[in-house]
Amino acid sequence: MSEADMAIIKPEMMMKSYIWLETTDGSIQQVEQEIAMYCPMICHEVLQKGLGAGSSKNCAISLPQRVNPAMLSLILDYCRFHQVPGRSNKERKVHDEKFIRMDTKRLCELASAADSLQLKPLVDLSSRALARIIEGKTPEEIREIFHLPDDLTEFIFYQEEKLEPLKNLMDDPRIRLLNRLYAKKRKELKEREKLKGKEVEERVDERSVDDLLSFINGKDHKVVKTSKSKKKNKKRKEHKNKVSHNLHSKQQGVQIVDETASSVGGVSNLPSMEDDIFSLKTDSEDGYVDDGMDPVLKEMLDREVEDFARRLNSSWVLSSGQERQPVHFSINGNGATRRLTAIDD
Amino acid sequence: MKPGIDDQSKPQTMIQEKYTKRYQNLKVAEALSNNHLYPFACNELSSIIDLGYSQLPKDLKAFIFRDCLSAFRLLPEMNTSAAVSAANLLVKSVESAFPKQKKNLAIVEFKQAKVALKRRTKSHDEHIDLPSLPQDIFVHIFSFLDLYSLLSSSQVSRSWNQATSEGSLWRSLFDLHFSHKVLIHIYPGIDWREAFKNEYILYKSSKMLRSGRGYCSYCDSVVWHDNLRCPKKQCRLKSGKKPLDLMLTHEVVNYLLGTTSSSDESDSEDEAVRGLWAYPTLQ
């Protein structure tokens with residue numbers, strides 16, 4: 001710089017101190033200290049590492065990973081406005097409302113960057129903006145906006161493939177729950193069989209005698225069973241398009257069986273639907289019994305489950321916003337309606 | 001005697017003014033620019049028109065016409081299926097009740113809006129990868145959501161589902177909705193989502209999800225509730241923790257016009273309540 005240049009430089013510029021900041025992509029820029037210090041994280045860095053930190057290119061303060069250069073300049077703009085003490089609350093509000101108008105992607109980045117710099121007011125501002133975007137939308141719409149894959153449906157669908165208990169190595173409560181439901185369903189079906197007649201008892205005898213044989217034939221049984229239940233589940237799948245129904249209707253399936261069984265046998269303690277999901281008693285999850293039901297009975301159960309699934313589809317919460325389709329709880333045997341009234345109490 | 005005749009004409013105009021004033025106080029148009037409230041506002045307009053557009057006083061008709069036009073004009077910005085179906089409902093009411101000229105104007109607006117919507121949805125086909133946010137930012141965002149949106153979010157994906165099961169979210173919702181009438185025993189490890197759900201089902205509170213309106217006894221008006229409270233500060237101070245009495249669309253319309261229509265939705269309330277909680281929390 002020549003002397004002429006030095007003369008042009010205003011005194012204020014000489015007074016300002018600058019801090020050097022480095023982003024993860026390696027680019028280093030210098031920022032007025034008072035603006036940078038508005039960010040708590042930078043403030044702490046400076047205080048912690050002593051006054052030498054950020055004072056030159058070599059010892060620039062490295063910013064967290066989530067802060068890319070574009071976001072940094074945005075955040076600095078924000079700080080530049082707000083660190084001026086003389087502004088009124090209204091001014092700040094107006095500025096913020098204009099500032100926050102950007103597409104969803106940048107909002108997410110901004111929230112992330114502000115959070116890593118611990119700039120709480122900006123985190124609040126961007127979070128509120130994101131919340132306003134999410135507000136009042138259905139899950140599908142939210143997924144569209146945020147470009148999120150639906151990994152919930154797949155996960156639960158995968159579990160649905162077999163009615164066998166799943167290996168629960170991680171002691172995942174979801175798997176525990178599903179296994180319980182499977183076991184319960186198998187139990188119900190078995191009980192239904194018992195109510196029908198004594199033929200079942202003979203079968204049981206056979207089995208106890210043929211215990212060893214069945215163990216040897218275990219594989220065959222499994223094959224038979226999975227193909228049966230796969231068929232059952234495939235039918236169910238066709239009628240469902242929302243993930244929650246799988247779990248819900250499966251459990252509804254259990255409910256229906258429960259109901260119809262009790263309608264024959266008399267009074268039963270109807271567990272409420274919610275209790276079923278969240279507080280099942282431990283059943284024997286391990287050994288499963290061969291279904292061996294007659295196809296007619298199975299068909300009936302299948303139909304009931306599908307019917308319920310269809311009904312649930314139409315009464316799903318997503319449609320319970322403003323565009324609710326009329327729910328038709330058509331009476332399908334006394335069991336279904338009785339269950340409803342029981343819970344209404 | 002002249003006073004008699006005057007008395008006869010006076011009540012009529014007073015009634016007319018009353019309706020118009022009430023309608024203005026309802027601030028239906030203000031809600032149209034709100035993403036969440038747009039469907040509610042449209043439904044109110046539809047119901048009012050259906051109940052008897054032709055019998056309304058002239059200036060009220062003008063207001064409603066103006067608001068219908070705004071509704072259609074704002075439709076492209078509302079990117080939800082709920083908004084689209086609410087607008088469809090509104091255009092049906094318009095088609096059956098409006099006089100020819102106004103009807104045509106409104107329908108033109110609606111069609112333009114539909115075209116704009118289509119253009120919008122087409123341009124959103126780019127596959128951008130959004131940055132994944134840390135869990136606690138999600139929880140922070142969700143803390144601003146109402147019940148319906150929170151439940152919606154829990155079904156979006158696995159990570160969102162986990163984030164929505166955060167106890168603090170449900171605790172504040174519980175506080176907001178039930179603390180004025182329920183005394184709950186707080187123990188360590190309490191599952192707030194469960195607690196909330198139980199109270200919700202107990203009180204058959206599906207109104208919370210289907211309403212944007214509440215009646216505030218302190219200012220004696222029907223308002224768009226701000227997190228279940230009256231938007232006016234003085235009323236909030238006076239009411240403390242007590243939330244507003246929520247109102248459904250048909251109740252609002254009854255209040256406005258002095259009618260006694262009932263909703264055809266009342267039967268499906270219970271099913272909707274149960275359907276909500278069917279979705280388990282994946283921990």
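# Helix contacts across and within chains A and B

Reader: Which residues of α8(A) meet α7(B), and which residues of α7(B) do they meet?
Author: From α8(A) come Lys120(A), Val123(A), Asp124(A), Ser127(A), Leu130(A), Ala131(A) and Ile134(A), and they meet His140(B), Ile141(B) and Phe142(B) of α7(B). Bear in mind that this is a predicted model.

Reader: How many of those are nonpolar, polar and charged?
Author: The contact of α8(A) with α7(B) has six nonpolar residues, two polar ones and two charged ones.

Reader: At what angle do the axes of α8(A) and α7(B) cross?
Author: Roughly 65°, and the axes come within 8 Å. The crossing of α8(A) past α7(B) is right-handed.

Reader: Which residues of α7(B) are buried?
Author: Helix α7 of chain B covers residues 135–142, and its buried residues are Ile137(B), Phe138(B), Val139(B), Ile141(B) and Phe142(B).

Reader: What do the buried residues of α7(B) pack against?
Author: Helices from both chains. In chain A they pack against α7 and α8 (120–134). In chain B they pack against α8 (147–153), α9 (158–164) and α10.

Reader: You mentioned α7 of chain A. Where does Asp115(A) lie?
Author: Asp115(A) lies in that helix, α7 of chain A, which spans residues 104–116.

Reader: What does Asp115(A) touch, leaving out residues up to four places away in sequence?
Author: Asp115(A) touches Arg66(A) and Val123(A) in chain A, and Pro134(B) and Ile137(B) in chain B. Ile137(B) is one of the buried residues of α7(B), and Val123(A) is among the residues of α8(A) that meet α7(B).

Reader: How many residues apart in sequence are Asp115(A) and Arg66(A)?
Author: They are 49 residues apart in sequence, and their C-alpha atoms are 8.9 Å apart in space.

Reader: Which residues make the contact of α10(B) and α11(B)?
Author: On the α10(B) side they are Gly167(B), Trp170(B), Arg171(B), Leu173(B), Phe174(B), His177(B) and Phe178(B). On the α11(B) side they are Trp192(B), Arg193(B), Ala195(B), Phe196(B), Glu199(B) and Tyr200(B). Eight of the residues in the contact of α10(B) with α11(B) are nonpolar, two are polar and three are charged.

Reader: Something else. Where is Val253(B), and is it buried or exposed?
Author: Val253(B) is in helix α14 of chain B, residues 249–257. Val253(B) is buried, at a relative accessible area of 1%.

Reader: What does Val253(B) touch, not counting residues up to four places away in sequence?
Author: Val253(B) touches Glu44(B), Ser47(B), Ile48(B), Leu51(B), Gly258(B) and Thr259(B). Val253(B) and Ile48(B) are 205 residues apart in sequence, with a C-alpha to C-alpha distance of 6.1 Å.

Reader: Now the backbone. Which phi does His147(A) have?
Author: His147(A) has a positive phi of about 55°, although it is not a glycine. His147(A) sits in the loop between α9 (139–146) and α10 (151–160) of chain A. With a relative accessible area of 27%, His147(A) is partly exposed.

Reader: And what is phi of Asp220(B)?
Author: Phi of Asp220(B) is near 50°, again a positive value in a residue other than glycine. Asp220(B) is in the loop between β1 (213–216) and β2 (221–224) of chain B.

Reader: Last topic, whole chains. How many helices and strands are there in chain A?
Author: Chain A has 18 helices and three strands. Of its 345 residues, 45% count as buried. Chain A exposes about 19,100 Å², and carbon and sulfur atoms supply 54% of that.

Reader: How many helices and strands are in chain B?
Author: Chain B has 15 helices and three strands. Buried residues are 50% of its 283 residues. Chain B exposes about 14,400 Å², with 52% of it from carbon and sulfur atoms.

Terms used: Residues are numbered from 1 along each chain as its sequence is written. Chains are lettered from A and ligands numbered from 1 in the order in which they are written. This is a predicted model: local features need pLDDT of at least 70, side-chain atom pairs count only at pLDDT 80 or more; totals for chains, interfaces and linings use all residues. Side-chain values use heavy atoms; hydrogens and water are left out. Contact means heavy atoms within 4.5 Å. Helices (H or I, at least four residues) and strands (E, at least two) are DSSP runs, numbered from the N terminus. Ala, Val, Leu, Ile, Met, Phe, Trp, Tyr, Cys and Pro count as nonpolar, Asp, Glu, Lys and Arg as charged, and the others, Gly among them, as polar. Buried means under 20% relative accessible area, exposed over 50%, partly exposed in between (1.4 Å probe, protein chains only). Accessible areas come from the Shrake-Rupley method with a 1.4 Å probe; for residues, only the protein chains shown count as cover. Axes are lines fitted to C-alpha atoms, for helices over the stretch in contact, and angles run from 0 to 180 degrees between N-to-C directions. A crossing is left-handed if the near helix is turned anticlockwise from the far one by less than a right angle, and right-handed if clockwise.
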